[in-house]
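This briefing is for a reader meeting the structure for the first time.

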Amino acid sequence: MQGPAAHPWSGARGCRAFPLRSGLDGVDWVLGAPAVALDRAARIVRDANGRDHQYDALVIATGLSPKPLPIPDHGLGGIRVLRTLEDAVGLREVLTPGTRVVILGSGFIGCEIAATAAHAGAEVSIVTQSRVPLERALGPILGAELLRRHEAHGVRFYCGESLFGVVGDTNVERAILTGGVVLECDVLVVAVGSDPQTSWLQESGLDITDGVLVDSGLRAITTEDDLDRRVVAVGDVSRYVNPLFDSIPRRVEHWNLPTETGKRAGQILAAQLAGDDADALAATPFAPLPSFWSDQYDANLLAFGMTYLADRSELVAGTPDTECVAEYFRGENLVGVCGIGMRSAVQSYRSRFVVPVA
Ligand SMILES: Cc1cc2nc3c(=O)[nH]c(=O)nc-3n(C[C@H](O)[C@H](O)[C@H](O)COP(=O)(O)OP(=O)(O)OC[C@H]3O[C@@H](n4cnc5c(N)ncnc54)[C@H](O)[C@@H]3O)c2cc1C
């Protein structure tokens with residue numbers, strides 16, 4: 001048994017660990033030995049040190065890992081991703097004035113890194129297949145405004161482009177784009193999405209097509225379409241139906257969902273272990289409202305819903321170059337709202353997302 005001093009974040013350079021709640025005192029932290037296999041029949045998780053961990057209930061919360069560079073990098077240095085605290089600390093060290101930073105991808109992570117790097121005085125270029133940044137998540141109206149704001153801070157965009165190759169001696173020195181443009185670079189950040197961390201579940205018999213498929217009680221579903229009532233999956237790695245939107249199971253990569261799914265899974269597992277009617281609890285609708293925010297320069301974005309399901313967006317208040325609110329529709333149905341500023345107006349939409357009556 002190890003105490004809180006061995007918490008995984010305590011060793012990160014220049015960072016202090018978050019204080020642990022007293023309720024976690026009894027937790028046995030098994031660090032540096034990731035799970036490598038799950039045997040559901042024996043109810044055992046095997047770790048990378050070959051140690052077996054017996055369970056009565058298992059919570060899968062292994063999140064995502066960034067997609068790697070989409071081309072061979074020949075082992076060049078200077079190529080980075082951002083997921084962990086270590087990644088963030090390492091990136092912070094190289095984002096210095098004059099550093100030439102090329103960012104592949106213009107989603108939230110790419111755009112936030114661009115804003116941070118520009119603020120640090122780096123020379124920033126974004127290479128993206130989209131027409132505007134955050135096009136998939138926020139559509140053309142807010143995307144165009146974010147493009148304007150980034151460009152006003154000196155960020156250069158190469159839209160409709162992708163990476164063809166990288167050149168360098170030991171470190172990346174140039175990024176060659178598919179359109180033939182060559183960008184000098186000291187740091188290449190790959191921000192082109194993430195994959196669920198499910199390789200350790202390969203032999204588990206669970207349905208791990210794009211994350212762990214679960215029912216409305218967050219209980220894992222097998223490839224035979226059976227339910228494993230002792231195994232739940234929460235957070236980014238979990239794929240479930242949200243009846244606020246439709247009946248298609250999806251993973252949602254927002255910060256409020258690990259909490260929402262964690263609470264729900266905890267209640268249902270507790271009922272299961274206590275011999276109560278967990279199935280009845282799981283049959284109640286699980287309809288968490290996804291929310292996300294992003295701070296880029298002086299733009300504070302706040303959104304609710306699944307804006308990326310929309311086929312159109314509409315500006316309903318304010319003007320993009322100051323503050324505004326945009327609504328997102330799929331057909332006639334509101335599927336999301338996003339504001340630049342105007343937080344209370346955006347907050348007021350929360351009650352508009354309700355589960356349709358069957
Ligand atoms: C750079 C960045 C910025 C973000 N900004 C925002 C934001 O502004 N707003 C927002 O809403 N969301 C944001 N997100 C998304 C948000 O952080 C995630 O939705 C949230 O962290 C998901 O939590 P999780 O617990 O499911 O997964 P994670 O936080 O990824 O945790 C997964 C954990 O599982 C561990 N693990 C993985 N594989 C194994 C294994 N085999 N064995 C044991 N352990 C394993 C990992 O080491 C990790 O500790 C951001 C994400 C990133 C990367």
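**Nonpolar cores**

The largest nonpolar core has 54 residues, and the members touching the most others are Leu38, Ile60, Leu138, Leu142, Val212 and Phe353. The model is a predicted one.

- Two or more residues of this core come from each of these elements: strand S4 (58–60), helix H3 (135–152), strand S17 (227–233), helix H4 (256–274), strand S20 (299–305), strand S22 (324–330) and strand S23 (333–340).
- Another core, of 17 residues, lies apart from it and includes Leu91, Ile103, Ala117 and Ala118.
- Ile60, beyond its neighbours within four places in sequence, is in contact with Trp200, Leu201, Leu206, Val212, Val231, Val232, Ala233, Val234 and Val237.

**Helix H1**

- In helix H1 (residues 85–94), the buried residues are Val89, Gly90 and Leu91.
- The cover over the buried residues of H1 includes strand S6 (79–80), H2 and strand S13 (187–190).

**The second largest pocket**

- The second largest pocket holds about 200 Å³ of space.
- Its lining is made up of Pro243, Leu244, Phe245, Asp246, Arg330, Asn333, Leu334, Val335, Arg352, Phe353, Val354 and Pro356.
- By type, the lining of this pocket consists of 8 nonpolar, 1 polar and 3 charged residues.
- Strand S23 supplies the largest share of that lining, with 3 residues.

**Aromatic pairs**

- Across the whole structure there are 4 aromatic pairs.
- One of them is formed by Phe108 and Phe292, with 5.0 Å from centre to centre and 65° between the planes, an edge-to-face arrangement.
- This pair links distant parts of the chain, since Phe108 is in helix H2 (residues 108–119) and Phe292 is in strand S19 (residues 291–296), 184 residues apart.
- Phe292 has a relative accessible area of 7%, so Phe292 is buried.
- Phe245 and Phe353 form a tilted pair, because their ring centres are 6.5 Å apart and their planes are at 45°.
- Phe245 is in the loop between S18 and H4, while Phe353 is in the segment after helix H6 (343–347), so this pair ties together parts that are 108 residues apart in sequence.
- Both Phe245 and Phe353 are buried.

**The loop between S18 and H4**

- Arg250 belongs to the loop between strand S18 (238–239) and H4.
- Is Arg250 buried or exposed? Its relative accessible area is 16%, so Arg250 is buried.
- The contacts of Asn242, leaving out neighbours within four places in sequence, are Phe286, Ala287, Pro288, Pro290 and Met306.
- Asn242 and Leu147 are 95 residues apart along the chain, and their C-alpha atoms are separated by 31 Å.

**Leu213 in strand S15**

- Leu213 is part of strand S15 and is buried, with a relative accessible area of 13%.
- Leu213 and Ser238 are 25 residues apart in sequence, and their C-alpha atoms are 6.3 Å apart in space.
- Setting aside residues up to four places away in sequence, Leu213 touches Asp207, Arg219, Ala220, Ile221, Arg239 and Pro249.

- Leu218 is not a glycine, yet its phi is positive, near 65°.
- Leu218 sits in the loop between strand S15 (212–213) and strand S16 (219–221). Its relative accessibility is 0%, so Leu218 counts as buried.
- Asp225, likewise not a glycine, has a positive phi of about 70°.
- Asp225 lies in the loop between S16 and S17. Its relative accessibility is 64%, so Asp225 counts as exposed.

Definitions and conventions. Residues are numbered from 1 along each chain as its sequence is written. This is a predicted model: local features need pLDDT of at least 70, side-chain atom pairs count only at pLDDT 80 or more; totals for chains, interfaces and linings use all residues. Side-chain values use heavy atoms; hydrogens and water are left out. A nonpolar core is a set of buried Ala, Val, Leu, Ile, Met, Phe, Trp, Tyr and Cys residues joined through side-chain atoms within 4.5 Å. Buried means under 20% relative accessible area, exposed over 50%, partly exposed in between (1.4 Å probe, protein chains only). Helices (H or I, at least four residues) and strands (E, at least two) are DSSP runs, numbered from the N terminus. Contact means heavy atoms within 4.5 Å. On a 1 Å grid over the protein atoms alone, a cavity is a set of points where a 1.4 Å probe fits but cannot get out, and a pocket is an open set with protein on both sides within 12 Å along at least five of seven lines; lining residues have an atom within 4 Å of a point. Grid points are joined across faces, edges and corners, and a volume is the space filled by probe spheres set on the points. Ala, Val, Leu, Ile, Met, Phe, Trp, Tyr, Cys and Pro count as nonpolar, Asp, Glu, Lys and Arg as charged, and the others, Gly among them, as polar. Rings of Phe, Tyr and Trp (its six-membered ring) pair if their centres lie within 6.5 Å; planes under 30 degrees apart count as stacked, over 60 as edge-to-face and the rest as tilted.
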